[in-house]
Amino acid sequence: MKKLFGLILFMGLGVLIILALNNTISFPKFGSVDLSDRVADAYLDNDNVSEVGSANIVTAIVVGYRGFDTLGEVTVLFISALGVAFLFSFKKEKRLDLKFKPNFMLKHGSKLLFGIMLVVSLYIITHGHLTPGGGFPGGAIIASGVLLLYLADDKFRSNIKGFKVLEGVAGSLFVIIGLLGLILATSFLENFIASGTVGQLLSAGIIPIIYVLIGLKVGSEIASVVDNFLTEEESA
Amino acid sequence: MLWFDIISGIVGGLMLILAFLAINSKKLINSVLLLSGLSMLAVVAFVMLKAPDVAITEAVIGSGLVTSLFVFTLLSTRKEAKK
Amino acid sequence: MSAVLLIAIPLLAAFISILFKKYSIYLLFAVTIFNIANVFLATEGIIIIGGFSPPLGISLLVDTYSKIALLLVNALVLVIAALNVKAYPKYGTILLLVVAGLNGLVLTNDLFNFFVFLEISGIAAYLITASNKKPITTFRYLVIGAIGSSLFLLGLIILYSMFGTLNMVDMIKEIALNNNYQELVLPFTLMFIGLGVEAKLLPFNSWVKGILGHSNTFSGPMIASVYASAMGFVLGRFITNLFNFEGMLLTVVLVILVAGIVLSDIMAFASKKSREILLFSSVAQASMIALLFVNGIIIWAVYLIIANALSKTVMFMIINKAQKDVGSDEVKSLQGLFANNLVIGIIFTIATLSVMGLPLLVGFTIKLNFLTELADAGQIWTIAFILIASVVEGIYFVKLLLKLWYPEGNLIKVNYHLSFKLVFAIIALALLTFGVYQAPLDKLDNTVDTVMEVVNNG
Amino acid sequence: MANIEYLLLFLVGSAVISYFLTRLNSFIGSIFTIFATMFVFVSLAAYGFNMNLDTTVSLLPWFSFSQTYLGFFFVIIIAFIYLMVSFFHPYFLDKYPYKNSYNLLFLLSLAGIIGAFYTDHFLQLFFFFEMIIWTTMFLIPQGKSREAAVSYFGFSLTGSVALLIGIFVIYQNVGRFDIQAGLAGISGTTSVFVFVLFMIAALAKLGTFPLHIWLPLAHGNAPHPFSPVLSGALVKLGAFIGILALIKINPIGPVIGAIDLALGQYIIAFIGSLSIVFGTLMAIKEDDAKKLLAYSSMSHGGYILVAFSALNGFAFAGGLYHILAHALASAGAFMAIAAVARATGTTKMKELGGMIHKMPITYLAYLIAIISMAGIPPMGGFISKWLIFQAVIDRGMILIAVAVFFGSVGSFLYVFRPLAALFLGQEFREYKHVKEAPLLMLIPTFIIMGLNIYTGVIPKQIIDFINNIIGENTAFAPVVATTFTVTATYGTLNAGLIALIFGVGVAIAFIIFILMKKSRKVELMDTYTAANFVHDEHLLHYSVDFYAPLERMYEKQSHWMKKFYDALAHKVKEVGKLAKYLFMSNNIGVTLIWILVIIVLLIGVVAL
Amino acid sequence: MIQYAAILLFVLGLYGIFISTNTIKMLVSLNILEIGLNIFIISIGFNYQGIAPILSSVSDTGLIYVDPLPQALVLTAIVIGVGTTALGLAFAKSIYQKYQSFDLNDMEESL
């Protein structure tokens with residue numbers, strides 16, 4: 001009864017929101033957005049594009065125009081990784097037992113696969129300013145590789161301390177690059193390296209550098225979260 | 001445009017159905033897997049909406065990592081539940 | 001110095017601190033002290049980030065209003081962390097992130113950036129409340145908080161699609177040009193609810209009971225005073241500059257807030273647990289602060305935030321410490337708490353009387369002044385409701401005070417550390433001093449008459 | 001130092017000093033308090049009568065003061081009561097749990113009172129009101145009961161909140177907080193509104209009929225030396241607000257033709273008379289002497305209300321006179337009972353008896369006080385009641401006149417009960433070693449005794465001063481008075497002559513008593529009835545079940561008001577629980593529903 | 001169409017949180033809500049004629065792009081969502097360790 005009642009109620013809310021949006025004249029109709037009166041128009045402006053130097057405008061926005069958001073976003077991930085570690089900090093811990101015997105192929109194949117994934121992720125991260133992708137998916141792929149290792153081997157335990165160091169250093173470097181912008185240029189996170197030619201690998205100023213840092217940070221954070229989820233308190 | 005609307009209608013409808021099933025499924029693991037499927041459909045939607053960056057990220061993070069975290073949580077408690 | 005350091009330095013310190021876990025708390029002290037100094041040195045105006053001019057990039061906004069907020073937040077975090085350094089030493093990194101998040105909330109001039117900081121401080125708050133050892137209540141807080149921030153995000157996205165900008169100052173100008181309030185009701189409602197969840201306005205705040213009702217000397221003051229005051233300032237900025245409630249929306253918001261005040265006080269009246277009494281009182285105060293902002297009484301709302309933060313810090317710390325030592329927060333089992341702790345008792349009494357708004361304390365000055373301004377605005381019914389609620393408030397606080405002062409049966413023993421007494425005494429003295437000597441308040445009055453000077457200037 | 005501001009600062013300063021002195025030694029601290037109070041009283045008396053107090057403000061910029069005859073009349077009475085009571089402090093303080101703060105709060109509340117009557121600004125009036133409330137609120141629980149303090153605080157706060165709302169209504173209409181201008185500036189519906197709010201404040205402070213529950217609780221359970229202040233001094237704040245509402249605001253309403261009186265005033269007079277009747281009936285059955293006197297305070301509050309709502313020069317004068325007379329009488333009575341309570345440790349009538357042998361002076365003080373209270377010549381209470389009767393009859397307010405007479409007769413019935421129970425009758429064994437109160441406590445006893453008689457014999461100076469107040473605040477004709485007489489509509493009262501006759505009568509009776517003294521002291525158990533020995537000494541005590549038939553009559557009805565307020569508090573609590581259930585649920589779904597409701601409401605109503 | 005579906009997904013997420021008492025279910029619903037929100041955000045920048053906002057070279061002119069800003073926002077929002085979900089799961093797990101259940105109704109003293 002509660003389910004039906006709730007469904008009607010909340011679907012009603014959804015319909016109401018849709019109706020309200022349709023009634024709003026300033027709200028553009030789906031599929032016919034006019035960018036000319038939006039900030040986004042400026043991002044696609046040729047002068048701005050060559051100033052930032054990133055062919056992928058989304059990357060230009062994520063790391064360039066709204067780099068501060070990204071710093072915050074990394075921080076969110078950082079703090080939730082911290083929190084997960086905080087909640088799972090037991091006196092004695094052990095690997096979660098997945099209860100299946102990995103065979104030889106799986107054990108070693110997974111390591112090979114991990115290597116491939118690492119390379120792929122590095123490619124994605126470093127080409128973030130040219131092609132879709134970038135630090136977040138790249139970092140996540142690194143983490144997925146680690147996850148794969150965990151799944152393939154029941155005894156596998158990564159070096160959490162290493163992740164922590166990587167996480168801390170990458171994060172610090174991010175902020176330090178930002179501060180360098182404040183010192184060398186005029187404002188925080190400002191680009192202080194020549195942008196180069198749009199479309200080339202070594203272009204877009206600090207964007208690739210930051211994206212690499214983001215990739216490392218995201219990767220290590222998610223990996224440590226995964227690690228935390230795969231440990232449990234050792235029952236004595 | 002018409003094709004876009006038709007396909008997006010199908011994708012949207014499927015997503016709604018998956019979401020409803022995920023919410024109402026009896027078993028938690030089914031619910032989590034349905035969520036993963038929903039996430040995959042979202043990737044399709046993102047691609048259709050010309051957002052490749054988002055699609056990649058959602059594919060890796062949304063449907064991959066989040067699902068595995070859910071599964072791990074369920075796994076880690078499974079044997080205790082049997083007791 | 002650039003105001004961006006107020007966010008960047010705590011973040012840097014937080015990232016570094018996980019490498020040196022043991023020293024994180026000292027890093028926190030250094031950073032908050034640095035921040036407090038920085039607040040005085042920071043240049044006012046729009047601070048550009050990333051080298052892109054405002055509508056393109058993210059910018060920060062520094063004015064007197066945000067400086068007061070920053071000062072209060074950083075100083076309170078410093079004090080609360082210092083007092084809890086023995087009991088809760090592990091929270092250095094999280095507190096650094098809290099500082100960064102709340103500073104960002106107060107400073108940012110970009111709606112989406114605001115959302116990001118809302119999430120940072122929100123997640124930090126979940127972790128702080130994890131120290132309550134009540135994971136269920138924290139989980140509930142997390143879910144409600146996530147819903148709230150999602151609603152906020154939905155609202156701001158609708159605003160973006162309507163006006164094509166995320167910059168707050170820009171947005172305000174665009175909205176003024178558009179001049180059709182009808183269209184803004186949906187996004188503003190969503191955003192107001194989103195903020196209301198975090199600012200614990202009444203119908204959206206069911207998490208408060210679980211969180212503050214089981215709080216300890218650390219989480220209690222952190223949520224009830226640090227977060228409450230930061231959210232109060234933020235809510236003020238949104239209400240006075242962006243929302244500018246009109247028509248039906250104004251009516252509904254006023255009703256929500258007035259009902260929030262009255263009902264929270266009544267709920268406190270019905271409570272038998274000391275922490276519940278305090279938490280309902282702070283819910284009432286939060287609604288009161290929002291009500292003042294809605295009515296455009298900025299300066300007294302700011303004072304109310306400050307006074308409330310100070311007194312709630314003291315009250316929560318005293319009660320939560322007693323709860324920890326006694327093992328119960330029922331008023332009945334805390335009877336006679338102050339019989340052995342005279343100084344603490346006097347300080348608690350001063351803080352309580354200030355919240356109640358009794359003469360000689362700063363709460364009275366604030367109450368009388370904002371009531372006068374409400375009367376100027378013709379809100380006689382609001383005044384009546386506030387005052388009727390204050391009768392209820394007075395009665396439950398007096399009941400609480402009398403029970404805490406007069407022992408029944410065995411004397412309970414609670415030991416307060418000297419540092420507690422010292423800090424609290426200073427706060428109580430401040431409440432007393434500003435209640436009697438108001439010249440400095442009047443001076444501030446002239447500088448904070450607008451919440452966002454930049455908007456008004458051009 | 002005749003500057004009000006300095007006086008206030010002096011009081012605050014000496015309050016702090018007294019705290020530390022009392023900490024050192026409660027006796028020294030109390031002596032200091034006496035001197036501080038005395039200093040304030042003397043300064044007020046020396047300069048205030050001629051309106052010579054300096055009202056300039058230099059150190060407290062927020063404040064502004066002005067002096068009126070009306071304010072001074074109240075201030076000097078209350079300051080006097082404070083001074084008298086402070087003599088009791090050295091002997092009582094040691095018993096209280098927080099004796100250090102006793103003197104501090106006592107002096108602070110005096111500062112509040114002086115401020116309240118001298119300010120000319122509404123918000124400051126409220127400031128001082130609240131200050132009085134919270135200082136005294138912490139004094140009361142030092143006595144017997146904490147509930148009493150909560151009840152006192154609750155009703156007082158209700159009153160002051162009503163006052164504040166009224167103040168803001170005035171401010172909204174007049175645009176300023178000036179008391180005189182504000183009261184003069186409102187009219188029409190607004191003035192009715194303000195009148196109602198102010199009257200709520202007055203009724204709450206005065207402890208009259210619908211808002212009287214706190215009175216017996218607070219008076220009965222307050223520390224013994226504080227009860228006289230409460231009853232003699234603090235409730236008079238209500239009378240002050242009442243005057244503002246009834247005389248100054250005086251809203252134009254429908255006029256009742258037969259008695260030529262506005263409906264508002266008539267209602268208040270009716271409430272006053274209800275208060276008289278209720279107070280009297282409740283006092284008759286009360287066993288605790290202090291509670292009995294508290295109910296008598298309630299009925300006297302009714303007299304004051306009736307007097308001011310009659311809108312008549314004699315009644316106005318009578319009301320003011322009654323404020324003075326009742327302050328003196330009730331202070332005297334409460335102080336006598338405090339002295340007894342100090343010696344015996346109880347105020348229950350059935351546990352006391354025969355104190356006249358041990359404490360004759362206290363007995364005399366009590367006797368004189370209750371004579372005044374009952375309105376019997378030659379005490380002050382007689383003159384004031386006489387004036388009020390004149391006015392009530394003059395107005396033709398039949399119903400109210402009946403109540404007023406009933407109260408007068410009723411007070412005979414109850415005031416002598418404590419007299420008989422406490423002081424007369426047989427001695428209890430356990431009080432064998434009781435002694436008369438110490439000299440320091442007898443000083444105020446004597447002074448008040450003297451003043452009680454003075455107010456009843458020589459009304460001239462008092463009436464003259466009251467005439468000043470009449471001239472200042474009203475358009476009524478002044479009351480004609482000579483040294484010993486007062487003249488009203490239906491004749492002239494020669495108080496001096498009556499006192500003389502009364503004095504002669506007493507003297508004759510006393511001589512007869514001395515000459516023909518044949519009484520014999522009987523032990524309590526030294527008696528028997530119906531040939532049975534008495535085993536339980538308490539049962540024979542003749543104040544027990546004195547009005548048993550009467551009591552049985554309204555046993556059931558007596559507590560309905562209290563029940564009403566208890567039920568109110570209970571209802572509020574239930575609303576709170578309901579609200580907790582509705583808003584503070586553990587179920588996230590409930591919050592979601594609220595979010596949904598508000599979005600739907602706003603979008604549905606506004607956006608679509 | 002997809003925009004409406006997004007909003008309906010959003011409210012379905014709310015509905016899921018409304019009806020479920022199970023911590024895992026709540027987090028699943030929260031994720032549904034976030035997916036809906038993300039699609040909605042992307043959809044407000046969509047244009048039927050638009051192409052993905054990646055330039056092949058600077059000289060390209062006259063092309064219509066979809067709004068890149070919402071995409072950047074969603075990128076951020078997704079990661080934030082993961083953070084919240086991970087933390088929520090961690091809390092769910094610690095609730096489980098304390099009460100041996102994911103269902104909040106099973107916990108008597110849950111207050």
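This is a predicted model: local features need pLDDT of at least 70, side-chain atom pairs count only at pLDDT 80 or more; totals for chains, interfaces and linings use all residues.

**Chain contacts and local features**

**Chain C with chain D**

- The contact between these two chains brings together 45 residues of chain C and 47 residues of chain D.
- On the side of chain C that touches chain D, the elements giving two or more residues are α6 (135–163), α8 (181–198), α9 (207–213), α11 (247–269), α15 (362–376) and α16 (380–405) of chain C, and α16(C) gives the most, with 13 residues.
- By class, the residues on that side of chain C comprise 34 nonpolar, eight polar and three charged.

**Chain A with chain B**

- Here 16 residues of chain A are in contact with 14 residues of chain B.
- The elements that supply two or more residues to the side of chain A that touches chain B are α7 (135–152) and α9 (207–229) of chain A, with α7(A) giving the most, at seven residues.
- That side of chain A divides into 12 nonpolar residues, three polar and one charged.

**A helix pair in chain D**

- Helix α5 (residues 99–118) and helix α6 (residues 122–139) of chain D pack with their axes 8 Å apart and at an angle of about 160 degrees, which makes α5(D) roughly antiparallel to α6(D).
- The crossing in which α5(D) passes α6(D) is left-handed.
- The residues that α5(D) brings to this contact include Tyr102(D), Leu105(D), Phe106(D) and Ile113(D), while those from α6(D) include Leu125(D), Phe128(D), Phe129(D) and Ile132(D).
- Taken by class, the contact of α5(D) with α6(D) has 13 nonpolar and seven polar residues, and no charged residues.

- Strand β4 (residues 485–488) of chain D pairs with strand β3 (residues 480–481) of chain D in the antiparallel sense over two bridges, and Val480(D) has Thr487(D) of β4(D) as its bridge partner.
- β3(D) and β4(D) form a hairpin that has three residues between the strands.
- β4(D) is also joined by four bridges to strand β5 (residues 491–494) of chain D, the two running antiparallel, and Thr485(D) stands opposite Asn494(D) in β5(D).
- The hairpin formed by β4(D) and β5(D) has two residues between the strands.

**Positive phi in chain C**

- Most residues other than glycine have a negative phi.
- Lys133(C), although not a glycine, has a positive phi of about 60 degrees; this residue lies in the loop between α5 (111–129) and α6 of chain C, and Lys133(C) is exposed, with 12 other C-beta atoms within 10 Å.
- Asn244(C), also a residue other than glycine, has a positive phi near 45 degrees; Asn244(C) is found in the loop between α10 (219–243) and α11 of chain C, and is partly exposed, with 18 other C-beta atoms within 10 Å.

Conventions
Residues are numbered from 1 along each chain as its sequence is written. Chains are lettered from A and ligands numbered from 1 in the order in which they are written. Axes are lines fitted to C-alpha atoms, for helices over the stretch in contact, and angles run from 0 to 180 degrees between N-to-C directions. Angles under 35 degrees count as roughly parallel, over 145 as roughly antiparallel, 65 to 115 as roughly perpendicular and the rest as oblique. A crossing is left-handed if the near helix is turned anticlockwise from the far one by less than a right angle, and right-handed if clockwise. Two residues are in contact if their C-beta atoms, placed from the backbone, lie within 7 Å. Ala, Val, Leu, Ile, Met, Phe, Trp, Tyr, Cys and Pro count as nonpolar, Asp, Glu, Lys and Arg as charged, and the others, Gly among them, as polar. Two strands pair if DSSP finds at least two bridges between them. A residue is buried if 20 or more other C-beta atoms lie within 10 Å of its own, exposed if 12 or fewer, and partly exposed in between; C-beta atoms are placed from the backbone.
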